[in-house]
Amino acid sequence: MEAEPRQDRIVLNVSNLTTRFLTPRGTVTAVDGVSFSLAAGETLGIVGESGCGKSQTLFSIMGLLPSNARVGGSIGFEGQELIGLPPGEMNRLRGIRLALVFQDPMTALNPYLTVERQLCEVLEYHKGLSRADARAEALEALRRVHMPEPERQLRRYPHELSGGMRQRVVIAMAMIGKPALLLADEPTTALDVTIQAEILDLLAEQSDSGTAIVLVTHDLGVVARLCDRVAVMYAGRVVEQGPTRAVFHAPRHPYTQGLLAALPRLDDLASAGRKPIEGQPPDLLALPPGCAFSPRCPLADGPCREMSPELLSRDGGCAVACHHADGRGGVS
Amino acid sequence: MTTPDDLLRVEGLSVDFPVSGGLWGRKRAVHAVRDVSFTLSAGETLGVVGESGCGKSTLGRAVLNLIRPTAGRIWWNGSEPAAESLERQRLLRREMTVIFQDPLASLDPRMTIGAQVGEPLDIFEPALPEDEKRRRVAAVLERVGLSADAVGRYPHQFSGGQCQRVGIARALISNPRMIVCDEAVSALDVSIQAQIVALLGDLSREMGVALLFISHNLAVVRQISDRVMVLYLGKVMEIAGRDSLYGAPRHPYTRALLSAVPVPDPDVERNRRRFHLIGDLPSPLDPPKGCVFHTRCPHAVDRCRTEVPDLSGLEGRHHVACHLWRELEFSPSPA
């Protein structure tokens, strides 16, 4: 596993991404200076709790934000800047080079269309294929996601499929244009664990075939299973970022440490005594000065309450935003 | 048979939900819970796990006497609530309370926290003087970790974790002997989830409240439970002490379930042996004959397709419903 993605195969380069929402109660900075890059075949996990900005980061890349959103920074995708791209050009990328998988497959599927129509629509729109050719490709796409009895599934409507099957259709739909980048927002959260395991295997196969994946999840187990690198977000900012092994085995940010210590684990007999992170999640409209995690942080002192720590590179390919994280040992 | 230790005893419980329609208006039924038996002692925590549609929430509701079982009997503290007068059944509700999944939806947005937490006292102890009621509400709010000024505030002023603390306070104020926790921490973020699980564990230990802890999250159930029951399509697959079930699962379904949960450790994850299941969950309208799990079980033989396995007892209090558990290779740990 490499610490940094190989420069020659970079698919996505996000730099200082900032997404603000203008609301009647004030401006909410949902994503605050997020930077990362991703090479072909690489999987990046973005983790964090509700409201940390992980999903908004995805929607910003995808250009799917409501009209009160203001996006700043840069999103380079295959050498093209996505911020400010005219809607028509964005539409040409979406569904072909750039694909999205949502948490709830039912919201991504049109209940009035058969599986065949939903799959073929993409091909007819983007590639101008004939009905027969599109159908053949749709069938092949269903086979690639290991759909049982693919011919029969083509004729069915979304409500006739189970949750796991629907998510397979959504992934087949996302992958049908052989995208360079797949963005997945909690793709297995709505599924039962035995089905989740199958869908995670399926995502791993897509990444093996060269697609870069950004996976947003609240489940650190899913990250450990699937992701080469991980970014941990809190209150709109990345607080720690690096190779998955390094971050999980030697977390340096107190929030990452707290999350891993709070998480009950199946494989740990001593899991009875997990340690919660005290305090409440942050209110994005009333963030404290300095480090947003400081009110809940056991290490917080003067500087933490005054100055927001920068995300600085440390050894081992990790970057940490904490006044207390030194170069190697980390905080403890 | 009821032993003095058993607070709750469930025997052969089945719950069907009739479904109208179908071709020619045929009468059909969803078999949500089928022939489930278990006991719960005072102060004990029994985890109930399983995937969607396994009947775990229906089981909780039947135990709370909120829905009528199709068959089977439920004893509470030696008597059968279903056979009691309505008035007596109503009074039993102070002894068995419930915490729901969605903390905000289970609170009334137009009532103050103090009024909602105190409401059970209005019902069960209407003669209680106002200042005594206020004192009890303040005490229970403090116990669940909320400050005294919460009394006059409204649910929308609190975060999800705090609302769940309010829900726990309301479940606690009548001094119950059992709380049914139906996915009580599933809607909460990890850091807050751990706070609430720790709180429930403390309450159970200190106050001797028994918990029926229903959840799809196997890791959380492991953390809080003394014993664990695994349900599949309404039937008990395995029931055992916590360490026995997680350390030495015997049923192929339990093993598949445990091996499917991703563990937050990249090294463990990449070297794990998984037990894969075949296909999707069958419809509870038309559950498979024989062992309900046979359509997805990698080990199924002819006998599994025709004959329903009984729950057979292993050493200790470990029971498993599988024809093959003796023959299957024993694997001590899911990880």
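Analyst: Helices (H or I, at least four residues) and strands (E, at least two) are DSSP runs, numbered from the N terminus. The model is predicted: local features need pLDDT of at least 70, side-chain atom pairs count only at pLDDT 80 or more, and totals for chains, interfaces and linings use all residues. Residues are numbered from 1 along each chain as its sequence is written, and chains are lettered from A, ligands numbered from 1, in the order in which they are written.

Domain 1 of chain A covers 4-97 + 182-320, and domain 2 of chain A covers 107-178 (bounds from an automatic or database assignment). Taken over C-alpha atoms, the centres of domain 1 and domain 2 of chain A are 29 Å apart. Eleven residues from domain 1 of chain A and ten residues from domain 2 of chain A make up the contact between them (C-beta atoms, placed from the backbone, within 7 Å). On the side of domain 1 of chain A that touches domain 2 of chain A, helix α8 (residues 193-208) of chain A gives the largest share, five residues. That side of domain 1 of chain A divides into eight nonpolar residues, two polar and one charged (Ala, Val, Leu, Ile, Met, Phe, Trp, Tyr, Cys and Pro are nonpolar, Asp, Glu, Lys and Arg charged, the others, Gly among them, polar).

Next come two helices of chain A. Helix α4 (residues 115-127) of chain A and helix α7 (residues 163-175) of chain A have axes that come within 9 Å and cross at roughly 20 degrees (axes fitted to C-alpha atoms over the stretch in contact, angles from 0 to 180 degrees between N-to-C directions). This makes α4(A) roughly parallel to α7(A), a term for angles under 35 degrees. From α4(A), the residues A:Val115, A:Gln118, A:Leu119 and A:Val122 meet A:Val169, A:Ala172 and A:Met173 of α7(A). Counted by class, this contact of α4(A) with α7(A) has six nonpolar residues, one polar residue and no charged residues.

A:Lys178 lies in the loop between α7 and β7 (181-185) of chain A. Phi of A:Lys178 is near 50 degrees, a positive value in a residue other than glycine. A:Lys178 is partly exposed, because 13 other C-beta atoms lie within 10 Å (20 or more is buried, 12 or fewer exposed, in between partly exposed, with C-beta atoms placed from the backbone). In the loop between β7 and α8 of chain A sits A:Glu186, which is also not a glycine and has a positive phi, near 45 degrees. A:Glu186 has 20 other C-beta atoms within 10 Å, so A:Glu186 is buried.

Two further buried residues belong to chain A. Helix α2 (residues 87-93) of chain A contains A:Leu93, which is buried, with 22 other C-beta atoms within 10 Å. From A:Leu93 to A:Gly242 is 149 residues in sequence and 28 Å in space, C-alpha to C-alpha. A:Ala319, in strand β12 (residues 319-320) of chain A, counts as buried because of its 20 C-beta neighbours inside 10 Å. Setting aside neighbours within four places in sequence, A:Ala319 is in contact with A:Gln241, A:Gly242, A:Leu311, A:Leu312, A:Ser313 and A:Arg314.

Technical notes: Parallel < 35°, antiparallel > 145°, perpendicular 65-115°, else oblique. Contact = placed C-beta atoms within 7 Å.
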